[in-house]
Amino acid sequence: MPKINGNEIRPGNVLEHNGGLWVAVKVAHVKPGKGGAFAQVEMKNLRNGSKLNERFRSADKVERVRLEQKDQQFLYETDGMLVFMDNETFEQIEIPADILGDRRPFLQDGMTVQVEYYESEALSASLPERVTCTIVETEPVVKGQTAANSFKPATLDNGVRVMVPPFVAQDEAIVVSTETMEYVERA
């Protein structure tokens, strides 16, 4: 694995530090008036989710880890485990459902998800950027409500509540961003 200097750490880098795998969340380069410059790095553990703030000087060497990314197809959920199939080898793996966090409701049958592996251990899974959902409940259109930034609450077919523009009606398909969990456009 390549070693990098402490001042080369960027947000999103995966590092091996203190016997664990950490992803750099925030990096601030500090140049105090007295003493040498350093990078203040906020890191999150990929295995248990704990956070750590650490200082790295430019002379410090850190192991940078490259994760292998594979596209996997979601098959079904059983006992809190999500079952995915590798699109090339057709092998099936089980990943804990909490790996997706609050984006879990957007996972749909047959959806292709990008799973990141360190050696043979699945560390994270990322959904497609946009998902199409159907509105099951929302308020009716109020005539004359044409303000550009007015939104109304809507419940999607997966149970998630989002804010939608007033012209969107019940039983309509919309596109939702899985990153921000917000309405993007009509489908």
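1. Tyr117 stands opposite Ala122 in β11. Strands here are DSSP runs of E, at least two residues long, numbered from the N terminus; helices are runs of H or I of at least four residues.

2. The model is predicted: local features need pLDDT of at least 70, side-chain atom pairs count only at pLDDT 80 or more, and totals for chains, interfaces and linings use all residues. Residues are numbered from 1 along each chain as its sequence is written, and side-chain values use heavy atoms, without hydrogens and water.

3. Confidence comes next. pLDDT is the predictor's confidence in each residue, from 0 to 100. The protein averages 87, and 95% of the residues score at least 70. Of its elements, β11 has the lowest mean pLDDT, 83, while strand β15 (residues 173-177) has the highest, 92.

4. β10 (residues 112-118) and β11 run antiparallel and are joined by five bridges. Two strands count as paired if DSSP finds at least two bridges between them. Tyr118 has Glu121 of β11 as its bridge partner. The two strands form a hairpin with two residues between them. In the turn, Glu119 has a positive phi of about 55°.

5. β10 also meets β7 (residues 68-78), again antiparallel, through six bridges. Here Gln69 has Glu116 in β10 as its bridge partner.

6. The whole sheet is open, with antiparallel pairing and the order β9-β8-β7-β10-β11. β9 (92-96) and β11 (121-126) are at the edges; each has a single partner strand, so one side of each lacks a neighbour in the sheet. Neighbouring strands are turned by 45° against each other on average, direction ignored. Axes for such angles are lines fitted to C-alpha atoms, for helices over the stretch in contact; angles run from 0 to 180 degrees between N-to-C directions.
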